[in-house]
Structure formats: C-alpha cells, structure tokens
Amino acid sequence: MEASSLTNPIDPRKPSITTLSVKQLKQQPSPLRKMVAVSSIAAGIQFGWALQLSLLTPYVQTLGVPHVWASFIWLCGPISGLVVQPIVGYSSDRCQSPFGRRRPFILAGAIAVAVSIFLIGYASDIGHMAGDDITKRTRPRAVAIFVTGFWILDVANNMLQGPCRAFLGDLAAGDSRKTRTANAFFSFFMAVGNVLGYAAGSYNDLHKIFPFTETVACNIFCANLKSCFFFSIILLLGLCIIVLSCVDDPQFTPTRKELKEDEARKTQSSCFSGECCAAFKGLEKPMWMLMLVTAINWIAWFPYVLFDTDWMGREVYGGDVGQKAYDAGVQAGSLGLMLNSVVLAVVSLGVEPLGRLVGGTKWLWAIVNVILAVCMAMTVLITKIAERQRANNPALIGNPSMDVKIGSLAFFCVLGIPLAVTYSVPFALASIYSSSSGAGQGLSLGLLNIAIVIPQMIVAAISGPWDALFGGGNLPAFVLGAVAAAISAILAVVLLPNTKKEDEANISNLKMASFH
C-alpha cells in the first residue's frame, strides 16, 4: 500500500542535502547497516513490552483488580493501536520537519515510554501517598495511576513501532528483498528484546541492584518490576540516540502534485480520514486477504498474550495471586517466554528460506497456524495433568512435577516458530503491497495494524467474562485461541494467493500478490 511519494534516505556517498523533493529521493536502497541500526530500536521497545506481557497482568491483580476484569485493562493497547498508528503513520508520511519524517515521532515515542514506565513502576507508591490503604486488597488510586501509565505506554509503543517500520521501508527504497530482510531484522531484534525482558522478569533479586525500589507500598515483586523498567528505559533511550544521530532521515518536501492532492482532500471531512478512505478503496484483493488472515490469526494469539504467565501461576503451579506458588509460576512463565524469544530470534532469520522450503508463504502461514492451534489445545492437557497430580500430592503446589514443567516450557518454545512468522511476514507484505495503493508507507502499516487491534479488542473485552462463564481460569480463552488458529490456517490456504518462484525482486510482480 506504499504511495508513489515514498521518500528514501540520501546515499551517504553523495554530498549532504538537507531538503529534497520526492523525485530526488528515489535512489538506491540504503546500506544494510542502517537498516540493522533502525531495526535495533525494536529491542528497546520489546524489552518493555516483554515486561508488560510477563509481569503486568499479575501485578495489576496485586493492586486489587479481579482476574475477570484484568483483561479489560489490556483494551488500551488495541484502542491506541487502532487510533494512534494510522494517525502517526499519516503524519509521518507528510512531516516536513528539518529533523526528518520519522525521527521526530521516534524521539517523542521514546520520551513518552520513559514517562509511562515511571508511572507504572511507581503506581503503588503514588497511590499510597495519595491516600490508598495498603492493608486493603484493592487500591483504587494506584490502579488509576497504573492504568494511566499503561495507556501512555501503549500509545508510545505505537508511536515508535509504526515510524520505525516505515523508516525501514524508506531505507529499502522499494526493493522487495531488502524490505523483507529489514523486517526480518526487526523481528530478530524484537526477539532479542524479548529475551532480555523475560530474563529480567524471571530474576527475582534484580531489585537488590536498586535497593531504593522496595518501599512500604511496594513489595519485592513490585520492586523487581521497577528495576526491570529502569533497564528498559536505559536500553531504549540508548538505541534511539544512536539511530537518531547516525541514520539520515532527509527533510521531506512534497511535489506540486502531492500538494494539490492534499488540498483536494481538505474538501472532505479531514485529510486523515480522506487518506484512510482512499487507502482502503485502493486496497487490492491480496491485501484484503492478508488483513483477514492476520485478523483471525491475532484472535488466536491474544489469549496467549494476555494470560501466558497467569496460566503458569494458576493452572500449572496451582497458586493464586499473592501466594508464593503463583509468584513461582509467573517467574517460570517468564523463563518460558525467554526461551520462546530465543526460538523466535533463530527462526526469524530463516523465515524466507522456510517459505521456499514448504512451497510458499501461504503454506508456511498455514503450517505455523496449525502449530499454534495444537499448542493452544495442549494447554488443556498440561493443566489437567498438573491438577490431577496436585490432587494426589498437595506438595506439588508451587513445585509441579518435572514432566509438567518440561511440557509447559516446551509449549513456550514451540510457539516461537509461528510467532516469528507473525512478527515479520504480514508487515513485509504490507510494505510491498503499499506500492499499489494511494497511501504512504506509514499509513499503510497503520491500516494493517487495524486488522491486528480490532481482534485484540474483541478478545480483551470477552475473555474475562468468557472464562468466568466456564468457571474461571484461563483455559476457555486458550481453547478459543486454538479454534481461531485452526480457522486461520484454513483461510491461509484458501484465500492467500499462490506464490511464484522469484526471478526478480520487483514490486510490479509482487503487487499482483505473488509473495515469498
């Protein structure tokens, strides 16, 4: 869906130019090292995101939010993604700042992440100072601070991810192979950030490095969360400073044709809404099919995203919020997520050859969705075995048998394979398809994000009541995920276009829906 007005960075071998027209920017793709540098920001983003996934659902329950309502807090991510990414993408496509098109949004997003992390980490302390009674189970002021920080964090993450991926599209300069390679590196660094985040989350003595984090209102679990977020801020800001200093992002100057088009859109309700309508109208059938498969795919993934470590604490380790057994399960879940990320990192670098090996992208996507469906269904078997063993031997509460531990950790490891495809292929294809629509690189990725966040909103809204309807716990949501994964596997085969062997990597072929 990339517009013909896509700008590309300056060739570093040529004299420095600060203001370029669109035609002047149509040069050769940038060196791979610049794409790797921009992709590395994903490690900083994902470090904080990994902490969200592994620790924040358990943490918010320690503040008194019931399990059945915990999923509603996660609605902020999909809602912010639905609104923020298209707006940020549209704005960055047309930003005429001397600092560049993408870099202002990356800088603003990094600062917002730092602010949000402070609010989340210190929610208990701020709530206590504001009047919360820490002897009571529910601390409403701390919950309010936490939710505020959580929403800001999700908005900030969307401000970062959209422009970063669009920046990679700019650097690739329309080269489909470079586009896929850049997105594979982005996925790789996401995995690196995951490994770091989950490793930090699974280490329960991290607060000793920052002894001031443990307070009257903030116990050891809370103090560890604060310490993890401190490292997250340091990593993200460091990577952003390197990229903002070393990677060119030329000032964008629109052509007369583009100025006329923008003026014409102003006669509609707004430039942004007009651009969105134009982008949707300009979508070809392959892109609609990609968005449909992606949407069903994320219905399958989001129960796992919401409740992975909570499942370990409750169903596998047999604990409840605030109990040592539950905390042990959450830490084991963080270890599982770290192993998941190691597999994700390795597989991310081999997605393209794997696609060729199995006969094309549609078959690769179908196969990994079958793997996802099987894994989600296996949570039922692992849970039932753990429950039966605890019934026969109560000593296993908080310390399940070795076969249960191995089975649950294997569940996390195997899911790294389909996750690698989910994190790279849809975004690479969206960047390539953008060449045949009326939207820019940033807005195109924002539109794809709509296919991701709407299913997340649905799952976040219904998963708590859905679980309660079947007696509580996390298994009903996981079973729903297994069914959605199976459906997405079938749709990938039936709806996605057939692939062809790529003799030349050019967009004119790819926009007809031959992708690899």
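Reader: How far apart are Trp-301 and Tyr-304 in helix 13?

Author: They are three residues apart in helix 13, which covers residues 285–316, so about one helical turn separates them. Keep in mind that this is a predicted model.

Reader: And what kind of pair do the rings of Trp-301 and Tyr-304 make?

Author: Edge-to-face, because the planes are at 65° and the cut-off for that class is over 60. The ring centres lie 5.7 Å apart.

Reader: Is Trp-301 buried or exposed? And what about Tyr-304?

Author: Trp-301 is buried, with 1% relative accessible area. Tyr-304 is buried too, at 4%.

Reader: Which residues do ring pairs link into a cluster with Trp-301 and Tyr-304?

Author: Trp-311, Phe-411, Phe-412 and Phe-478 belong to that cluster.

Reader: OK, zooming out. How many aromatic pairs are there?

Author: The count is 14. One of them is Phe-212 with Phe-230, a tilted pair with 5.9 Å between centres and 40° between planes.

Reader: Where do Phe-212 and Phe-230 lie?

Author: Phe-212 is in the loop between helix 9 (176–202) and helix 10 (220–246), while Phe-230 is in helix 10 itself, so the pair ties together parts 18 residues apart in sequence. Phe-230 is partly exposed, at 22% relative accessibility.

Reader: Switching to charges: which residue lies over the face of Phe-99, and which over Tyr-122?

Author: Arg-103 sits over Phe-99, 4.6 Å from the ring centre. For Tyr-122 it's Lys-226, at 4.1 Å from the ring centre.

Terms used: Residues are numbered from 1 along each chain as its sequence is written. This is a predicted model: local features need pLDDT of at least 70, side-chain atom pairs count only at pLDDT 80 or more; totals for chains, interfaces and linings use all residues. Side-chain values use heavy atoms; hydrogens and water are left out. Rings of Phe, Tyr and Trp (its six-membered ring) pair if their centres lie within 6.5 Å; planes under 30 degrees apart count as stacked, over 60 as edge-to-face and the rest as tilted. Helices (H or I, at least four residues) and strands (E, at least two) are DSSP runs, numbered from the N terminus. Buried means under 20% relative accessible area, exposed over 50%, partly exposed in between (1.4 Å probe, protein chains only). A charge sits over a ring if NZ of Lys or CZ of Arg is within 6 Å of the ring centre and within 35 degrees of the ring normal.
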